[in-house]
Amino acid sequence: MKKIKTLQCIHCGKDHKLTETNYNCTACGGNLQVLYDYNLIKKRLNYEVLQDNPERSIWRYLDILPVSSIRHVPPVQVGWTPLYRAEKLGDEAGVNNLYIKDEGRNPSASFKDRASAVVTARALELEEKVITTASTGNAASSLACLTGSLDMRTMIFVPETAPQAKVAQLLVFGATVIMVKGTYDDAFDLCLKASQEYGWYNRSTGINPFTREGKKTCAFEICEQLKWETPDKVFVPVGDGNIISGIWKGFVEFHRLGIIERLPQLVAVQAEHSDSIKRAFETGTDVQPVSGKTVADSISVSLPRDGMAAVMAIKDSGGFAVSVTDAEILAAIPRIARGSNVFAEPAAAATYAGLLKAVKEGKVKENESVVLLITGNGLKDIQSAMKSVGKPHLITPTMDDLKKLVADNKLA
Ligand SMILES: *Cc1c(COP(=O)(O)O)cnc(C)c1O
Ligand SMILES: [Zn+2]
């Protein structure tokens, strides 16, 4: 692929050819980033070309993705999710220009489809027969969804605590589900060993350099949907740190191609006990493991797999990190729903909890434009959602019972 210049190690800087490795740095094991021939891409991809492009999916950015052609990609629409102006929710937070990027509108109902689509397309080009991933739930359901109709076996490793809806997705799409008695980190290590032992193609975050390539497309869309304006701040829920580093890469690449004029600040939102990246960013030390315990399963990570790139993204963007409690996360679910009509899963709702905290601490000014990445749909984890709301009224189907409710003023 002529457009790709190198797979460069973010740790030691070693360059690799595309054919040299599918995964990490061959010298130090660090995570790789894909660097392109930006002068070549500049000739094909610019503001005019994009404006005339009728493709409404991540494949409108094929010129800057590590895939040669899209002849064989799964026929579902990944990306080009709506960006809503959330006026009421913004008023409540004290922010005048608040936007919601509704990633729950992807085929498997989470942001992860962007990464899975690119990795699946790559696996097809490599003519892989078996693909595998470890996941807290969404990366897995996304991969299962996108490979569902393909002639490729999908082997999934998830912790036994994965929310039921996500497990249902895996089984419905026909993946082989290996449920691990342990954490996401345990599932991750076992998946890695299995892929080495059996030669399965590994999609896992922090192993496969192409997940970040899919994830960056969300930043491209935000720029286009804001009519080529850059938002002041983007709030990103952070577990492994691959979304935030991907989003950053997307903004940097559009800037480098001359498509946007300035870069946003990124705000990493983590759960209180799953805050390894926040700690590393604030103390300037290496990324260290934490307990990882939180109700927000999608950001429940002990040792982040793309932590270094995430810390660099926060730092380079001049952003900051904020942590929120499980109670704040759960409370944010109905508030987002009632303020913007979008049902978020706990990890996604964490962004709004983080915004409230940042506003309170004076870190967001009222006239700044702010985008919240709502990374997953609320139907993926209704057990958590139900904790944040009241109970329905159960009555017999009679006017008598209904009238009692009205008389008790319970229907207000
Ligand atoms: C995976 C995921 C995240 C976190 O992404 P990382 O790359 O692990 O930081 C946030 N929200 C949802 C819904 C996710 O599925
Ligand atoms: Zn290296």
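Visitor: Is Val 234 buried or exposed, and at what relative accessibility?

Guide: Val 234 counts as buried, at 0% relative accessibility. (Buried means under 20% relative accessible area, exposed over 50%, partly exposed in between, with a 1.4 Å probe and protein chains only.) This is a predicted model: local features need pLDDT of at least 70, side-chain atom pairs count only at pLDDT 80 or more, and totals for chains, interfaces and linings use all residues. Residues are numbered from 1 along each chain as its sequence is written, chains are lettered from A and ligands numbered from 1 in the order in which they are written, and side-chain values use heavy atoms, with hydrogens and water left out.

Val 234 lies in strand E10, residues 233–237. (Strands, E of at least two residues, and helices, H or I of at least four, are DSSP runs numbered from the N terminus.) Leaving out residues up to four places away in sequence, Val 234 touches Phe 251, Pro 264, Gln 265, Leu 266, Val 267, Val 371 and Leu 373.

Take Phe 251 first. Phe 251 is one of the H10 residues that make the contact with H9. The axes of helix H9 (residues 217–225) and helix H10 (residues 242–256) come within 6 Å and cross at roughly 55 degrees. (Axes are lines fitted to C-alpha atoms, for helices over the stretch in contact, and angles run from 0 to 180 degrees between N-to-C directions.) That makes H9 oblique to H10. (Under 35 degrees is roughly parallel, over 145 roughly antiparallel, 65 to 115 roughly perpendicular, and the rest oblique.) The crossing of H9 and H10 is right-handed. (Right-handed means that the near helix is turned clockwise from the far one by less than a right angle; left-handed, anticlockwise.) H9 brings Cys 218, Ala 219, Phe 220, Ile 222 and Cys 223 to the contact. H10 brings Ile 247, Gly 250, Phe 251, Glu 253 and Phe 254. By class, eight of these residues are nonpolar, one is polar and one is charged. (Ala, Val, Leu, Ile, Met, Phe, Trp, Tyr, Cys and Pro count as nonpolar, Asp, Glu, Lys and Arg as charged, and the others, Gly among them, as polar.)

Next, Gln 265, Leu 266 and Val 267. Val 234 touches these three, and strand E11 spans 265–271. E11 also receives helix H12: the buried residues of H12 pack against helix H8 (211–215), H10, E11, helix H11 (276–283) and strand E12 (320–324). In H12 (residues 307–316), the buried residues are Gly 307, Ala 309, Ala 310, Val 311, Ala 313 and Ile 314. Just after H12, Gly 318 has a positive phi of about 70 degrees.

Last, Leu 373. Leu 373 is the bridge partner, in E13, of Lys 101. Strand E13 (residues 369–374) and E5 pair in the parallel sense over six bridges. (Two strands pair if DSSP finds at least two bridges between them.) On E5 another pairing is found: three bridges join it to strand E4 (residues 83–85), and these two run antiparallel. In that pairing, Lys 101 is the partner of Leu 83. Five of the six residues of E5 (residues 97–102) are buried, so the strand is largely enclosed by the rest of the structure.

Thr 81 is placed in the loop between helix H2 (47–51) and E4. With a relative accessible area of 2%, Thr 81 is buried. Neighbours within four places in sequence aside, Thr 81 contacts Lys 101, Asp 102, Glu 103, Arg 105, Asn 106, Arg 114, Glu 221 and Gln 225. H9 covers residues 217–225.

Methods:
Contact = heavy atoms within 4.5 Å.
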